[in-house]
Amino acid sequence: MTERLGRWWPWIVPPVLLLIVYSDGLRGWFQQDDFAWLLQWQLFNSWSDLPGLLFTPQAQGTIRPWSERAFFLAGYGLFGMDPRPMHAMVALTQIGSLWLMASLMLRLTGSRVAAGLAPMLWVISPGLGTPMSWLSTYNQILCGFFLLATLMLFIRDAERPSLARTASAVAVFLLGFGALEIHIVFPALATGWCLLYAPQRWKRTLPYWAVSGLYFVLHQAVAVKPAEGPYAMHWNLDMGTTLVRYFGTALAGGRILGPWRLPEWTWVAGAWVAGIVLLAVAGAAWRKGHRTPAFGLMWFAVTIAPVLPLRDHFSPYYVAIPAAGLAMAIAGALVEGEGRWMPAVAGVVLVQLIFAFPVAREAGRWHRARGEKLQVLFEGLERIAELHPGKKVLLTGMDTLTYWGGFFDGPHKLLGLNEVFIAPDAAAKIQAYPELGDMGPTIASRVEAARGVLWGRAVVYRIEDRALRNITRAYAKAIPGDWLETRPRMVNFAGEVAEQDLGEGWFPAEERARWMGRRAVVYLAAPGEGERFLRVAGHLPEVCVKGGPVEVRVSAGGRVSGSGTITMKNLSFDFLLPAPEGLGGRREVAVEIEVSRTYKEPGGWRELGLQFGQIGWAQR
Amino acid sequence: VRRLKFIYLLALAPLAGCKKYRRPNPSATIEEPAELATMVSMGEPRDESQILSGFGQVESSAWRWTERKFSVSLGTPLAGRVKGARLELKCAVADVIAAQLLPLTVKAAVNGRALEAQRLTVAGQQTVLFPVPTEALGEDAVVVEFELDKGARQGEDAREFGLIAVSIGFIEP
């Protein structure tokens, strides 16, 4: 029994450690981008929708059918709002990766100590903290699995070639592109292995280079390449600084947690010392003919390379896959290095334990705490939808963490609640982050809130620790009378629109929308501070554009704001037009919309212009 | 084979908690004590306690016959105390008794304060609106009474029929 345990411990202990370290993270609830992915389910009406849902490029031109689209579609379809099975999938995938790493290390070093130690060091690395806790970053976990699986199959095929082995390696390699774009670096990893362990076999990597090259070309065709902002690429010397920063973060956590009584520079010093020691030991091992530390460092450099140009988007979870390389390098150095180097390498492990491991564990705790807040919010809204169907919901007591941690992503849309807003006087407690998004559309205007609450069309809830408390009556009694006298800053036609805010040119309301004729007027309040745009959003059925594009001209307060064109490509239009200067301080602003062509309903009398969703001021 | 079985078991493990109908958690919100609705729907069981007199059984979960006189209790909208309101009666004059009823005068009173009477001249669905002054809305709850100037009879049925009522409540002026 003891002997058997001794043989199998590298495959048993690291998974157990994984489950212990991330016991908090693996119990986290849905948050942030998770809701956008869960909302995909509403677009899945028949099996014919599936290819489009899985493979259409989305945010930043990403195509990650397995790790994002299929993962959330299947997760929500099978289990609804229960994240536990999805977390189980994350844990199983990572356990698979730990087993693959153990097998790889055993093959590279012949040592069970290295085979067990490397996965354990990977488990405590700060890079895994977020992917093990936040479901939207499952792409990192799945990509790591595919890279390791492909490499293992490639090595098997390179050592004892056969058609079946080649086919299985290529098949897994191709599937890996569905996890994360970083999978493109696999040929570099395979070449690195060849150069270090089997130089004569490098030609076997050529087909993989060809496939990655083709993927690169295809991805460039669909990828969004912003010139500025966090996702702008900076191909310059800053990449070196970013590399050092990621290297240090993977070794020593990248920050000092609040409760620690250590100055911030200590982790930096620890990272520098650990990094220099590791490079020195790898060099010494190389001179003795041992290649594993160099292989680990090569893995780190190759897998971190794709994110180095993202200078302004430094994310610690990007080191999830590269950290596997550091773990292999350290474990390799321990078993292959000379005895005199052992204390130094043990010091590197100590730095990881002191600085990096707590950061990894804290990431799990933090995500769990954030998820609990969102669960309280979501379950409260679910109950509100049952108790007050059709009513607008106003929320107070929301903190910044809950707002940006998920409310902004619209979890209520999963419940069919489209009118959930922050109460006007409650928004001040939420920190604005313009780079994350415009808070404007999520905040109810005073007049909307007053009309809704005082006429019984809205309910107000305060977010508390464990539940949402209905405070509608108290809120209503505190509403100042002048809130009823103003105009809204945004008219949302999906909800109840007060007739008195509409001027001429509108047809009677339909469900969730309203048609205008050739020209229509809507009255808004003056734009608020920072609201520099006029959002005009809605939809036109295809039949209205068949005769050619529809030009939309918009003026506000008698001054031209701008125009837009609706074609077959933007039937769901969303124009952000510049707000004319000098409107501030006005009691009301008449916004006039005019279209170049109308569509006459067959058998009807209406000359239809546009069908609206929203008209109002916006920050961006 | 044993290894394969193990892999299948692992793959199927998440299915153990397969999706079930999710009932909202009743303790997810803390509600205010119940108050009277400002709008009552004839088919809504929650509003039943506000239907006072002069109505028949609910039909098709949506409407009720009224008698010549009928009444409901309503909560008053908070804004009504500032801006007044309109009393909305969504109803229909049934074709089968339209000849007996039309033209029809509908009187309404809020807490005994008479509102301007309205006259119906056509059969079918309609919305009857009565302007309500702010003074009539000073209380948290009011009794709203309606009276038709005539009723109708159908065949052997001894009952006197009035309108088909769908909902009654206060809306913005």
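Accessible areas are taken here from the Shrake-Rupley method with a 1.4 Å probe. In the predicted model, chain B exposes about 9900 Å² on this basis, and carbon and sulfur atoms supply 53% of that area. Of the 173 residues of chain B, 39% count as buried. The chain is built from three helices and 11 strands, which follow one another from the N terminus in the order α-β-β-β-β-α-β-α-β-β-β-β-β-β. When contacts in chain B between residues at least 6 apart in sequence are considered, 70% of them join residues at least 24 apart.

The size of an interface is often given as the accessible area lost when the parts come together. For chain A and chain B this buried area amounts to about 3000 Å², with 57% of it on carbon and sulfur atoms, and the contact involves 37 residues of chain A and 32 residues of chain B. Across this interface, 11 residue pairs are found in polar contact, together with one salt bridge, in which the side chains of Arg457(A) and Glu172(B) meet at 2.8 Å, N to O. On the side of chain A that touches chain B, at least two residues each are supplied by helix 4 (65-79), helix 5 (84-109), helix 15 (342-387), strand 4 (468-470) and helix 18 (472-478); the largest share, eight residues, comes from helix 15 of chain A.

A nonpolar patch on the surface is formed by Leu5(A), Trp8(A), Ile12(A), Val13(A), Val16(A) and Ile20(A), which together have about 530 Å² of accessible area. Of these residues, Val13(A) lies in helix 1 (residues 2-21) of chain A and, with a relative accessible area of 33%, is partly exposed.

Key. Residues numbered from 1 in each chain as written. Chains lettered and ligands numbered in written order. Predicted model: local features only at pLDDT ≥ 70, side-chain atom pairs only at ≥ 80, totals over all residues. Heavy atoms only, no water. Patch = residues over 30% accessible without salt bridge, like charges linked within 9 Å, V, L, I, M, F, W, Y side chains within 5 Å. Salt bridge = Lys/Arg side-chain N within 4 Å of Asp/Glu carboxyl O. Helix = DSSP H or I, 4+ residues; strand = E, 2+ residues; numbered from the N terminus. Buried < 20%, exposed > 50% of the residue type's maximum accessible area, 1.4 Å probe, protein only. Contact = heavy atoms within 4.5 Å. Buried area = accessible area lost by both parts, 1.4 Å probe. Polar contact = N/O pair within 3.5 Å; in protein donor to acceptor, adjacent residues only side chain to side chain.
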